[in-house]
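User: Hello! I am new to this structure and would like to walk through it with you. Could you show it to me?

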Amino acid sequence: MASANDAHHPQKDAADQNFDYMFKLLIIGNSSVGKTSFLFRYADDSFTSAFVSTVGIDFKVKTVYRNEKRVKLQIWDTAGQERYRTITTAYYRGAMGFLLMYDISNQESFSAVQDWATQIKTYSWDNAQVILIGNKCDLEDERVVPTEDGKRLADDLGFEFFEASAKDNINVKQVFERLVDIICEKMNESLDANSTIVSNNKSPSLSETPPPQASSCAC
């Protein structure tokens with residue numbers, strides 16, 4: 001079995017070089033909110049409730065197509081425990097997007113969202129995009145965080161908001177695709193701003209024929 005997998009790896013790695021963009025994404029939040037389950041549901045379409053707590057940090061790679069662009073996602077699954085905080089925050093730099101997650105059946109995980117948002121502000125790029133996720137929405141009977149509270153907090157923080165369930169596969173793919181779209185939108189805004197600067201500098205060759213990147217990833 002292992003040798004068969006090994007034989008396929010070189011080919012897969014070669015194919016993985018064909019992409020238009022690569023985005024580094026991080027999933028953060030308290031321990032046990034379902035970060036690893038969420039990543040496995042998205043990357044492998046599998047679910048198990050038997051995950052042990054992530055030690056340090058792990059990642060998966062997935063390639064998606066958005067608006068005729070091939071986007072390679074490097075998705076990092078971070079440990080929620082305090083003792084790993086210095087390891088995980090080192091990975092914030094360079095991340096283009098964050099999925100900040102709490103568990104709708106765990107008030108403490110929701111109360112910690114503000115602290116996690118501060119971590120993002122402190123350690124990541126100014127332009128990093130964030131989606132707040134109320135995970136485990138399948139546990140409606142055990143809900144302690146109303147949907148309205150999640151929406152209100154997301155609005156206050158300037159984040160988009162989804163409730164999701166890795167177990168029932170609700171909004172998992174949609175969350176990742178929306179995050180990719182927001183990053184693309186911001187990239188386009190930056191490219192548009194740059195091309196305005198170029199045309200203001202009276203560079204006819206560039207202002208008459210904008211660089212191809214300017215219209216790329218029209219998400």
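**A walk through the model**

Analyst: Leaving aside neighbours within four places in sequence, glutamine 74 is in contact (heavy atoms within 4.5 Å) with Phe23, Lys24, Leu25, Phe59 and Lys60. Before we go on, this is a predicted model, in which local features need pLDDT of at least 70, side-chain atom pairs count only at pLDDT 80 or more, and totals for chains, interfaces and linings use all residues. Residues are numbered from 1 along each chain as its sequence is written, and side-chain values use heavy atoms, with hydrogens and water left out.

User: With which side chain does the side chain of glutamine 74 make a polar contact?

Analyst: Glutamine 74 lies in strand β3 (residues 69-78); strands (E, at least two residues) and helices (H or I, at least four) are DSSP runs, numbered from the N terminus. A polar contact is a pair of N or O atoms within 3.5 Å; within protein, one must be able to donate a hydrogen and the other to accept it, and residues adjacent in sequence count only if both atoms are side-chain atoms. At 3.0 Å, the partner side chain is that of tryptophan 76.

User: Is phenylalanine 23 buried or exposed?

Analyst: Phenylalanine 23 touches Val71, Leu73 and Val180, among others, not counting residues up to four places away in sequence. Buried means under 20% relative accessible area, exposed over 50% and partly exposed in between (1.4 Å probe, protein chains only). At 1% relative accessibility, phenylalanine 23 therefore counts as buried.

User: How are the rings of tyrosine 21 and phenylalanine 23 arranged?

Analyst: The structure holds 7 aromatic pairs. Rings of Phe, Tyr and Trp (its six-membered ring) pair if their centres lie within 6.5 Å, with planes under 30 degrees apart counting as stacked, over 60 as edge-to-face and the rest as tilted. The centres of tyrosine 21 and phenylalanine 23 are 6.0 Å apart and their planes are at 20°, so this pair is stacked.

User: How many residues of strand β4 are buried?

Analyst: On one side of β4, Gly97, Leu99, Met101 and Asp103 are buried, and on the other Phe98, Leu100 and Tyr102 are too. Strand β4 (residues 97-103) is largely enclosed by the rest of the structure, because its buried residues number 7 of the 7.

User: How many bridges join β4 to strand β5?

Analyst: Two strands pair if DSSP finds at least two bridges between them. β1 and β4 run parallel, joined by 5 bridges, and isoleucine 27 has leucine 99 as its bridge partner in β4. β4 and strand β5 (residues 129-135) also run parallel, and the number of bridges joining them is 7.

User: What is the phi of serine 32?

Analyst: Most residues other than glycine have a negative phi. Serine 32 is in the loop between β1 (21-29) and α2 (35-44), and at 54% relative accessibility it counts as exposed. Its phi is positive, near 75°.
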